[in-house]
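Please read it alongside the sequence and the structure.

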Amino acid sequence: MRRLEGRIALVTGAGAGIGRGVAQIFAREGAHVVVADIDAGAAGQVAAEIVKSNGAAEEHAVDVTDTAQVKKLMQAIGERHGKLDVLVNNAGVGERCDFRHLTDEAWDRVWKVNLDGTVRCAREAFELLRASGRGSVINLSSVMADKHTRQMAVYSATKGAVLALSRSLAVEYAPYGIRVNTLLPGYVETALIGRYIANPMIAKGLLAQTPLRRFGTPEDIANAALFLASDEAAYITGAALNVDGGMGATL
Ligand SMILES: NC(=O)c1ccc[n+]([C@@H]2O[C@H](COP(=O)([O-])OP(=O)(O)OC[C@H]3O[C@@H](n4cnc5c(N)ncnc54)[C@H](O)[C@@H]3O)[C@@H](O)[C@H]2O)c1
C-alpha cells in the first residue's frame with residue numbers, strides 16, 4: 001500500500017525546486033497532487049510530468065499572497081474533491097543584502113510571500129482539511145529561522161515567523177484532527193540559492209557550515225515531507241524537523 005493512497009495534496013510553489021520534488025514523491029506514493037504555482041507554465045509542466053509517470057495531478061496558477069486567488073483555489077479543490085488531506089506551504093522567496101541597504105519593497109515582498117502566503121493558504125484550507133478527518137499541514141521554514149546567516153535578515157525573520165505561526169496553528173487546529181508541522185531545510189540545490197552556489201568560493205563556504213558536507217536535494221526535503229504527511233506521523237504535531245545535513249546543530 002502506498003503511503004498517500006487516496007489523499008488529495010496541495011503543494012504551493014510546486015513548479016520548481018523543493019515543491020516540485022514534494023509533488024513528485026507525493027504522487028509516487030499515491031496522492032492526487034494539486035500543483036500550484038504563480039508560474040502557470042511551470043505548474044503545468046510539473047503536473048504533466050506526474051501524469052506522464054502514471055501519477056495523478058492537476059495544475060493551478062495561484063499567487064499565494066492574493067486572498068481572492070487562494071479562496072478560488074480552495075473552492076476549486078472543494079468542488080472537485082470535497083476535501084484536502086495535505087497542504088504543503090512551500091512557496092517562498094529570498095533576498096540577500098546588507099540590512100542597511102534593504103529596501104521597503106524587498107522587505108514587503110519577502111514577508112508577503114513567505115508569511116502572508118502561508119497564513120492565507122492555511123486559513124482558507126481549514127474547512128477542506130477538517131473535511132479530510134486527518135489533515136496535515138507542512139510549512140517550509142528554514143534552518144535560518146534559528147541561525148544568523150550573513151545578509152539574510154529579512155529571510156530569517158520571515159522563517160522565524162513561520163515557525164512561530166506553525167506552533168500556534170498546531171494547537172488551534174488539533175481539535176479538528178489537523179496536524180501542523182514545520183520543516184527547516186539547510187542549503188538545498190534549487191534556483192533559490194543556485195546563483196550563490198554557482199560561485200565555487202561561496203559554495204565552499206556554505207558547505208563548511210554543513211557537517212554532512214553536501215548540499216541537500218529537493219528529494220531530501222520531500223522525503224521528510226512525505227513522512228510528516230503520512231499516517232506514520234499521526235501523533236506528531238507542532239514539531240519542527242531540521243533537514244539540513246547537521247547545520248542546525250552547529251553554532
Ligand atoms: N533552497 C534552499 O536552500 C532552501 C532552504 C531552506 C528553506 N527553503 C524554503 O523552501 C521553499 C522552496 O524553496 P526552493 O528552494 O524550492 O525555491 P525555488 O525558487 O526553487 O522555487 C520556489 C517556487 O515558488 C514559486 N512562487 C514564488 N512566489 C510565489 C507566489 N507568490 N505564489 C505561488 N508560488 C510562488 C516560484 O514560482 C517557484 O516555482 C521556500 O519556502 C524556501 O524558503 C529553501
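In what order do the 7 strands of the open sheet stand? The order is S3-S2-S1-S4-S5-S6-S7, with parallel pairing; two strands pair if DSSP finds at least two bridges between them. This is a predicted model, in which local features need pLDDT of at least 70, side-chain atom pairs count only at pLDDT 80 or more, and totals for chains, interfaces and linings use all residues. Residues are numbered from 1 along each chain as its sequence is written.

**Sheet**
- Strand S3 (56-61) and strand S7 (240-243) are at the edges with a single partner strand each, so one side of each has no neighbour in the sheet.
- Strand S2 (residues 32-37) pairs with S3 in the parallel sense over 6 bridges.
- Asp37 stands opposite Ala61 in S3.

**Chain**
- The chain holds 9 helices and 7 strands, which are DSSP runs (helices H or I, at least four residues; strands E, at least two) numbered from the N terminus.
- The C-alpha atoms fill a box of roughly 50 × 35 × 35 Å along the principal axes.
- Of the 251 residues, 46% count as buried, that is, with 20 or more other C-beta atoms, placed from the backbone, within 10 Å of their own.

**Ligand shell**
- Around the ligand are 30 residues, of which Gly13, Gly17, Gly92, Thr190 and Leu192 come nearest; a residue is near if its C-beta atom, placed from the backbone, lies within 6 Å.
- Helix H1 (17-28), helix H4 (104-124) and helix H7 (191-197) are the elements that give two or more residues to this shell.

Methods: Buried ≥ 20, exposed ≤ 12 C-beta atoms within 10 Å, placed from the backbone.
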